[in-house]
Amino acid sequence: MTPQDKRIIAQWRRRIKGRPRLVLSIAKDPRSMEFEAFCKALNRLVPELDIEREKGDSTPEIRISDNLHYRAVPLGPELGPFLKALQGVDTLAGALTPAIRDRLSELGLPATLKIFISSRCPFCPHTVSRLLPLAGASCRVQLSVVDALLFNEEAMAARVRSVPATILDDQFRWTGL
């Protein structure tokens, strides 16, 4: 975590209300150590953050809500969108137009969105910020933010060759902003 990341977290801490909560799911996967180190550092800077730790089955992740999962360690440019979501996924829905919120409230089937990112991508934080409100507006929208470099095997299986890449229900894909 860089000094700039620590300053961003300190500023965010002054604005939060209540006790934000996340679930750290660790697995028998060497990448779990990166997630564990990030959450420990975050908790040292924000002691009022409740972190529930659990043993997962397959890959490490940070769950902000039942329908918002990070399989990415959100540092650098990705930290801002992550902290906004951590402040309250439901508060993000206000960024959507009323028409979009209405359409999302009418979803009959779940929609699974995966956003493949890279911490080095200047466009990824913008894409994540634009899609996070969808998870806040509807519990039927399952949103996963996946670091394509850290989870290279998942990116390769999804045929992701550039980021940001957004995949809906493993069938539709958008690349770029």
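Student: What does the accessible surface of the protein come to, and what percentage of it belongs to carbon and sulfur atoms?

Tutor: Keep in mind from the start that this is a predicted model. The accessible surface of the protein comes to about 9700 Å², and 53% of that area belongs to carbon and sulfur atoms.

Student: How many of the residues count as buried?

Tutor: A residue is called buried when its relative accessible area is under 20%. By that cut-off, 48% of the 177 residues of the protein are buried.

Student: What radius of gyration does the protein have, and what would a compact globule have?

Tutor: A compact globule with 177 residues would have a radius of gyration near 16 Å, and because the protein has 16 Å, the two agree. Taken along the principal axes, the C-alpha atoms fill a box of roughly 40 × 35 × 30 Å.

Student: How many helices and strands does the protein have?

Tutor: There are seven helices and eight strands.

Student: Which residues of α6 are buried?

Tutor: The general idea comes first: an α-helix has 3.6 residues a turn, so residues three or four places apart point the same way. In this structure α6 is mostly covered, with ten of its 14 residues buried; among them are C124, T127, V128, L131 and L132, and the buried residues also include P125, P133, L134, A135 and G136.

Student: Which residues does the cis peptide bond join?

Tutor: Here you read the angle omega, which is about -5° for the cis peptide bond that joins V163 and P164. P164 is found in the loop between α7 (152–157) and β7 (165–168).

Student: What is phi of D169, and what is phi of D170?

Tutor: Phi of D169 is near 50°, a positive value in a residue other than glycine, and phi of D170, likewise a residue other than glycine, is positive and near 55°. D169 lies in the loop between β7 and β8 (172–175), and D170 is found in the loop between β7 and β8.

Conventions. Residues numbered from 1 in each chain as written. Predicted model: local features only at pLDDT ≥ 70, side-chain atom pairs only at ≥ 80, totals over all residues. Heavy atoms only, no water. Buried < 20%, exposed > 50% of the residue type's maximum accessible area, 1.4 Å probe, protein only. Helix = DSSP H or I, 4+ residues; strand = E, 2+ residues; numbered from the N terminus. Rg over C-alpha atoms; globule rule 2.2 N^0.38 Å. Areas by Shrake-Rupley, 256 points an atom, 1.4 Å probe, with all protein chains shown as cover.
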